[in-house]
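The sequence and the structure are shown first.

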Amino acid sequence: MKNLKIAIQKSGRLNEKSVLLLKNCGLKFDNYKSSLITTVSNFSLEILFLRDDDIPGYVESGIADLGIVGENVIDESEAKVHYVQRLGFGKCTLKLAVAKDSTMKDLKDLNGKSIATSYPTILGNFLKENQIQADIHEISGSVEIAPGLGLSDAICDIVSTGGTLKSNGLKPFADVRNSEAILISRPELETDPILCELLQRIQSVLRAQE
Ligand code: ATP
Ligand code: ZN
């Protein structure tokens, strides 16, 4: 049987838990940080280590068959992939935040304001759904400093504990979406026997964690 390829994050918040999940499924592989691809010795699978932002596109185009990535990244990429299984880690919320002394109360107070974010697609859809017209300033990182620098009135960014918001003089304003890590596949792979076997193992690991 031809090996499937699964793409996971090379380093960052999802790397360790993705590796652990696969190991808990009984898969044996070397986790060399320097090699970008590794073969599982006891299962028909190869593991690709990538930047998380690249994973949805690799799976959509078929370069990888499967991927583990945050829902926020999949939504932002708008890649057409099949959602196989939520994985229960990497939980976070994409939130709007404003300066802690801001008087904005309601979503509609964002009308005419500017919002800095690394998630222009998700934010754009959210604003459209809520019929709000605001300027989106796309920046690739350190979004929390934008209001303090006068670059924007609000931000939209991933928050897990809120500590970064607080230390930058911001307060949460509204939730845009929740996210967790998810197993995705190429759409046409749904009934693949290797995927079915891997999914069964993943589901039994998840059940044991409940
Ligand atoms: P890469 O180098 O792979 O592009 P990155 O810097 O974009 O990594 P990380 O910070 O490692 O990404 O976050 C990966 C994912 O972890 C996020 O997309 C999100 O789904 C999830 N996550 C969970 N908690 C947090 C958090 N507090 N901040 C940011 N991301 C979080
Ligand atoms: Zn990334």
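**Ligand site**

In this predicted model, the shell around ligand 1 consists of 15 residues, and the closest of them are Gly12, Arg13, Gly70, Cys92 and Ser160. By class, the shell holds four nonpolar, seven polar and four charged residues. Ligand 1 lies between domain 1 (4–90 + 180–209) and domain 2 (92–179), because both domains give residues to its shell.

**Domains**

The domain assignment divides the protein chain into domain 1 and domain 2, with the bounds listed in the table.

| Domain | Residues |
|---|---|
| Domain 1 | 4–90 + 180–209 |
| Domain 2 | 92–179 |

The C-alpha centres of domain 1 and domain 2 are 30 Å apart. Where the domains touch, eight residues come from domain 1 and eight residues from domain 2. On the side of domain 1 that touches domain 2, helix α3 (residues 71–77) gives the most, with four residues. That side of domain 1 has no nonpolar residues; three are polar and five are charged.

**A five-stranded sheet**

Which strands form the open sheet, and in what order? Five strands take part, in the order β8-β7-β9-β6-β10, and their pairing is mixed. The edges are taken by β8 (135–138) and β10 (170–179); each has a single partner strand, so one side of each has no neighbour in the sheet. Direction ignored, neighbouring strands of this sheet are turned against each other by 25° on average.

One pairing within the sheet can be followed to the residue level. Strand β6 (residues 92–99) runs antiparallel to strand β9 (residues 154–159), and six bridges join the two. Alanine 97 has isoleucine 155, in β9, as its bridge partner.

**The chain as a whole**

The protein chain contains six helices and 11 strands. Taken along the principal axes, its C-alpha atoms fill a box of roughly 60 × 35 × 30 Å. Of the 210 residues in the protein chain, 34% are buried. For contacts between residues at least 6 apart in sequence, 63% join residues at least 24 apart.

To return to the ligand: the shell around ligand 1 draws on both domain 1 and domain 2, and Gly12 and Cys92 are among its closest residues.

Key. Residues are numbered from 1 along each chain as its sequence is written. Chains are lettered from A and ligands numbered from 1 in the order in which they are written. This is a predicted model: local features need pLDDT of at least 70, side-chain atom pairs count only at pLDDT 80 or more; totals for chains, interfaces and linings use all residues. A residue is near a molecule or strand if its C-beta atom, placed from the backbone, lies within 6 Å of it. Ala, Val, Leu, Ile, Met, Phe, Trp, Tyr, Cys and Pro count as nonpolar, Asp, Glu, Lys and Arg as charged, and the others, Gly among them, as polar. Domain bounds come from an automatic or database domain assignment. Two residues are in contact if their C-beta atoms, placed from the backbone, lie within 7 Å. Two strands pair if DSSP finds at least two bridges between them. Axes are lines fitted to C-alpha atoms, for helices over the stretch in contact, and angles run from 0 to 180 degrees between N-to-C directions. A residue is buried if 20 or more other C-beta atoms lie within 10 Å of its own, exposed if 12 or fewer, and partly exposed in between; C-beta atoms are placed from the backbone.
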